[in-house]
Amino acid sequence: MSAPGENFKINGERLWDSLMEMAKIGPGIAGGNNRQTLTDEDAEGRALFQRWCEAAGCSMGLDSMGNMFATRPGTDAEALPVYVGSHLDTQPTGGKYDGVLGVLGGLELVRTLNDLDVKTKHPIVVTNWTNEEGTRYAPAMLASGVFAGLHDEAWAKDRVDAEGKRFGDELKRIGWEGDEPVGARKMHAFFELHIEQGPILEAEGKDIGIVTHGQGLWWLEVTLTGKDAHTGSTPMNMRVNAGLGMARITELVHAIAMEAQPDAVGAIGQANVYPNSRNVIPGKAVFTIDFRSPDLEKLDGMRARLEAEAPKIAEDLGLGISIEPVGHFDPVTFDEGCVGALRDAAERLGYSHRDIVSGAGHDACWMNRVAPTAMVMCPCVDGLSHNEAEEITKDWAAAGADVLLHAVVETAVIVE
């Protein structure tokens, strides 16, 4: 069949109402959400999602990592499903849309097809991936990573949070550990709708971002070792100041990223000095460098330069240094066919759009390893995300879900 017409759209009001209803679960302290993975609030959000899916005629599957799969049947029992989805867990001070829009946008897609009595050859499955954020349990995108074969399930379930609670134990405690083997499902394609989490679309007045690539990432944990000493009585020329070393490496990280432009970023976002006392020169500093780029050569080059130059800074200051990689994934190139379906949908619907590179990691980055995959993004106000002030408009949400709808049903093949 030819592609659906431009009047084929989701119910924007219903989608928005669903987003606002989910936001009531695990409210933050400043208007956002604190619905961290495997908490009681996560369990409550999952239960609401399941009720909505079952009311829409879907059957719910659950695997042993807690990934949820709501299936709308297709007309061909042999046809592989088209998957859509994202995540319902949030940061401790998260917004109402990061991840949630992708899950509830997928649900709205199903509801719209039901309203219009549209049948598809391929089943459509709406997915909620467990622990995308990686806040409580590192690394991020943990359960989709197990699904895609990047992580061992036993290893993943042994991850512990800051209180020493195991992932596997907490998954059982909240009642969301399923029997289905992780990764057993086969996909025809996977699509993920997400807010941009950056300022480009809003700044350029674009309705839609068609995600062609995902940035690769290196996280490098640096430990500098100096000597604790009294700040008042230690002469300046006799100090072995780990804090000073961290400051100079911070400048180095910025310089490396700036000199790798375009399409490269770098910063130190997590840092601790010890003993962290007002009148003690830090004898130790531990911090994590975050380098990202969609260009693998550039990404690896930034890491190599840091590892070559940071030890020189430490040596000049008399500091010991160790550099340990603590996170990594290669850049992602999304499937041309799926990307094309999203681009064609935006064109057909008359939405302004541009190609964009995802600056953050997403479950789609792992799904891209097991099935043709693409992402579509809508703007967010001031590019703000991972913040309770995260905000989008009703129209932006609807436009993103409309593009998702068209691309998914075209891929799933409408049956006359």
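# A quick tour of the pockets, cores and domains

The largest pocket is lined by 48 residues, and D290, R292, G359, A360 and G361 are the ones that lie nearest its centre. What you're looking at is a predicted model. The chain is assigned two domains: domain 1 (12–215 + 331–415) and domain 2 (216–329).

**The largest pocket**

- About 1100 Å³ of space lies in this pocket.
- Both domains have a hand in the largest pocket: domain 1 and domain 2 each give at least three residues to the lining.
- Five strands each supply at least two residues of that lining, namely β8 (216–225), β10 (265–274), β12 (284–293), β13 (320–329) and β15 (353–358).
- Sorted by class, the lining of the largest pocket comes out at 20 nonpolar, 19 polar and 9 charged residues.

**The second largest pocket**

- Here the space comes to about 320 Å³.
- Its lining is made of W219, E221, A267, I268, G269, Q270, T288, I289, D290, R292 and V326.
- The strands β8, β10 and β12 each put at least two residues into the lining of the second largest pocket.
- By class, that lining has 5 nonpolar, 3 polar and 3 charged residues.

**How the two domains sit**

- Domain 1 is written in two stretches, 12–215 and 331–415, while domain 2 covers 216–329.
- Taken over C-alpha atoms, the centres of domain 1 and domain 2 are 35 Å apart.
- The contact between them takes 10 residues from domain 1 and 10 residues from domain 2.

**The nonpolar cores**

- There are 98 residues in the largest nonpolar core, and M22, F49, L101, L104, F191, I392 and V403 touch the most other members.
- Helix α12 (residues 394–412) gives this core its largest share, 12 residues.
- A second, separate core has 24 residues, including W218, M246, I249 and M302.
- To see how F191 is surrounded, skip its neighbours within four places in sequence: F191 is then in contact with V82, Y83, V84, G85, C338, L342, A374, L404, A407, V408 and T411.

- I392 is found in the loop between β16 and α12.
- Is I392 buried or exposed? I392 counts as buried because its relative accessible area is 3%, under the 20% cut-off.
- Not counting residues up to four places away in sequence, I392 touches W16, Y97, L101, I195, C378, P379, C380 and A397.
- One of those partners, L101, is listed with I392 among the core members that touch the most others.
- I392 and I29 are 363 residues apart along the chain, and 19 Å separate their C-alpha atoms.

**P372, at a partly exposed spot**

- Look for P372 in the loop between α11 (363–367) and β16.
- With a relative accessible area of 33%, P372 is partly exposed.
- Leaving aside neighbours within four places in sequence, P372 is in contact with H188, A189, F190, D335 and C338.
- C338 also turns up in the contacts of F191.
- P372 and E177 lie 195 residues apart in sequence, and 27 Å apart in space from C-alpha to C-alpha.

- Most residues other than glycine have a negative phi, and most peptide bonds are trans.
- A138 and P139 are joined by a cis peptide bond, with omega at about 5 degrees; P139 sits in the loop between β5 (124–128) and α4 (142–147).
- From Y274 to P275 the peptide bond is cis too, with omega near 10 degrees, and P275 is in the loop between β10 and β11 (280–281).
- That loop between β10 and β11 also holds N276, whose phi is positive, near 60 degrees.
- N276 is exposed because its relative accessible area is 62%, over the 50% cut-off.
- H386 has a positive phi as well, near 55 degrees, and its place is in the loop between β16 (373–378) and α12.
- H386 is partly exposed, with a relative accessible area of 40%.

Definitions and conventions: Residues are numbered from 1 along each chain as its sequence is written. This is a predicted model: local features need pLDDT of at least 70, side-chain atom pairs count only at pLDDT 80 or more; totals for chains, interfaces and linings use all residues. Side-chain values use heavy atoms; hydrogens and water are left out. On a 1 Å grid over the protein atoms alone, a cavity is a set of points where a 1.4 Å probe fits but cannot get out, and a pocket is an open set with protein on both sides within 12 Å along at least five of seven lines; lining residues have an atom within 4 Å of a point. Grid points are joined across faces, edges and corners, and a volume is the space filled by probe spheres set on the points. Helices (H or I, at least four residues) and strands (E, at least two) are DSSP runs, numbered from the N terminus. Ala, Val, Leu, Ile, Met, Phe, Trp, Tyr, Cys and Pro count as nonpolar, Asp, Glu, Lys and Arg as charged, and the others, Gly among them, as polar. Domain bounds come from an automatic or database domain assignment. A nonpolar core is a set of buried Ala, Val, Leu, Ile, Met, Phe, Trp, Tyr and Cys residues joined through side-chain atoms within 4.5 Å. Buried means under 20% relative accessible area, exposed over 50%, partly exposed in between (1.4 Å probe, protein chains only). Contact means heavy atoms within 4.5 Å.
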